[in-house]
Amino acid sequence: MAASKHTRKAAPRTNPVIRELFRNSNVSEKREQEWQDAVRRAGTGTPPMRFPVYEHLYQFNLCAENMVELLQELSDKFAIEPKALLYHQSLIQYVRALISLEIVEQMSGVEQTEAWLFGSQQRSEDEKLRDPDDVYIVVRQREAERIKLGLPPRIQFIDEPSSGKKSTGKRTRIEQVD
């Protein structure tokens with residue numbers, strides 16, 4: 001028995017366009033759930049941020065850097081042995097880096113999903129706004145570029161007079177038979 005992707009439950013407040021993008025995609029349900037969880041937390045924090053986790057990560061890294069600097073100041077005032085100072089500073093930086101790495105790895109999936117979602121939405125909107133006849137303008141521009149480069153034209157426009165030059169392109173089968 002086949003299952004349809006249209007059975008996925010979307011969060012009630014999810015943008016209908018995004019909901020439709022998920023339905024028509026091959027994004028895993030786990031990735032979709034990560035995105036839904038991240039969006040649910042949107043708008044929290046002071047100041048409100050799309051992903052407050054980045055603000056907290058920044059604060060965490062700032063505090064770790066302050067701890068390293070304070071440890072240096074303590075060492076200057078209380079003569080902490082240089083090897084012990086370096087060990088403790090390294091330990092602080094190691095913990096900071098591990099935690100930052102874990103958070104960034106978790107958010108990477110959310111960011112990749114959003115890049116795909118909003119890229120799809122942008123392409124969809126571009127397609128709606130695009131004039132199908134624009135392709136002819138692009139072809140004319142490309143043919144003009146080819147002529148400037150000394151390359152033979154690939155097409156001839158009906159509304160342009162024939163140049164009288166013979167094509168330097170491949171010969172047709174009829175010409176080869178003669």
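The side chains of Lys128 and Glu125 form a salt bridge, with N and O 3.2 Å apart. A salt bridge here is a side-chain nitrogen of Lys or Arg within 4 Å of a carboxyl oxygen of Asp or Glu. The model is a predicted one: local features need pLDDT of at least 70, side-chain atom pairs count only at pLDDT 80 or more, and totals for chains, interfaces and linings use all residues. Residues are numbered from 1 along each chain as its sequence is written, and side-chain values use heavy atoms, with hydrogens and water left out.

Lys128 and Glu125 sit three residues apart in helix 4, so about one helical turn separates them. Helices (H or I, at least four residues) and strands (E, at least two) are DSSP runs, numbered from the N terminus. Lys128 is exposed, at 61% relative accessible area. Glu125 is partly exposed, at 34%. The classes are buried (under 20% relative accessible area), exposed (over 50%) and partly exposed (in between), with a 1.4 Å probe and protein chains only.

By this rule there are four salt bridges. One of them joins Arg130 to Glu127, with the closest N and O atoms 3.5 Å apart. Arg130 is partly exposed, at 42% relative accessibility. Another pairs Asp159 with Arg140, with the closest N and O atoms 2.7 Å apart. Asp159 lies in the loop between helix 5 and helix 6 (173–177), and Arg140 lies in helix 5, so the pair ties together parts 19 residues apart in sequence. Asp159 is exposed, at 58% relative accessibility. Arg140 is partly exposed, at 32%.

Helix 5 (residues 134–148) also holds Glu143. Glu143 is buried yet has no salt bridge. The nearest side chain of opposite charge is that of Arg146, 4.2 Å away. For this assignment Lys and Arg count as positive and Asp and Glu as negative, while His and the chain ends are not counted. Leaving aside residues up to four places away in sequence, Glu143 touches Pro153, Arg154, Ile155 and Phe157. Contact means heavy atoms within 4.5 Å.

The chain as a whole has six helices and zero strands. From the N terminus on, its elements run α-α-α-α-α-α. Of its 178 residues, 21% count as buried. Among contacts with a separation of 6 or more, residues 24 or more positions apart account for 45%. The chain exposes about 14300 Å², and carbon and sulfur atoms supply 59% of that area. Accessible areas come from the Shrake-Rupley method with a 1.4 Å probe; for residues, only the protein chains shown count as cover.

Helix 3 (residues 52–78) has 27 residues. From its first C-alpha to its last, helix 3 reaches 38 Å, close to the 39 Å expected at 1.5 Å a residue. The expected span is 1.5 Å times one less than the number of residues in the helix. The buried residues of helix 3 are Pro52, Glu55, Leu57, Asn61, Ala64, Val68, Leu71 and Ser75. Their cover includes helix 4 (82–129). Ala79 follows helix 3 and has a positive phi, near 50°.

The largest nonpolar core has six residues: Leu21, Phe22, Trp35, Met107, Val110 and Leu117. A nonpolar core is a set of buried Ala, Val, Leu, Ile, Met, Phe, Trp, Tyr and Cys residues joined through side-chain atoms within 4.5 Å. Helix 1 (16–23) and helix 4 are the elements that give two or more residues to this core. Helix 4 gives the most, with three residues. Apart from this core lies another, of five residues, among them Ala64, Val68, Leu71 and Ile92.

Met107, one of the six residues of the largest core, is found in helix 4. Met107 is buried, at 6% relative accessible area. The C-alpha atoms of Met107 and Glu34 are separated by 8.7 Å, although the two residues are 73 residues apart along the chain. Gln121 is also placed in helix 4. Gln121 counts as buried, at 19% relative accessibility. Gln121 and Leu21 are 100 residues apart in sequence and 7.6 Å apart in space, C-alpha to C-alpha.
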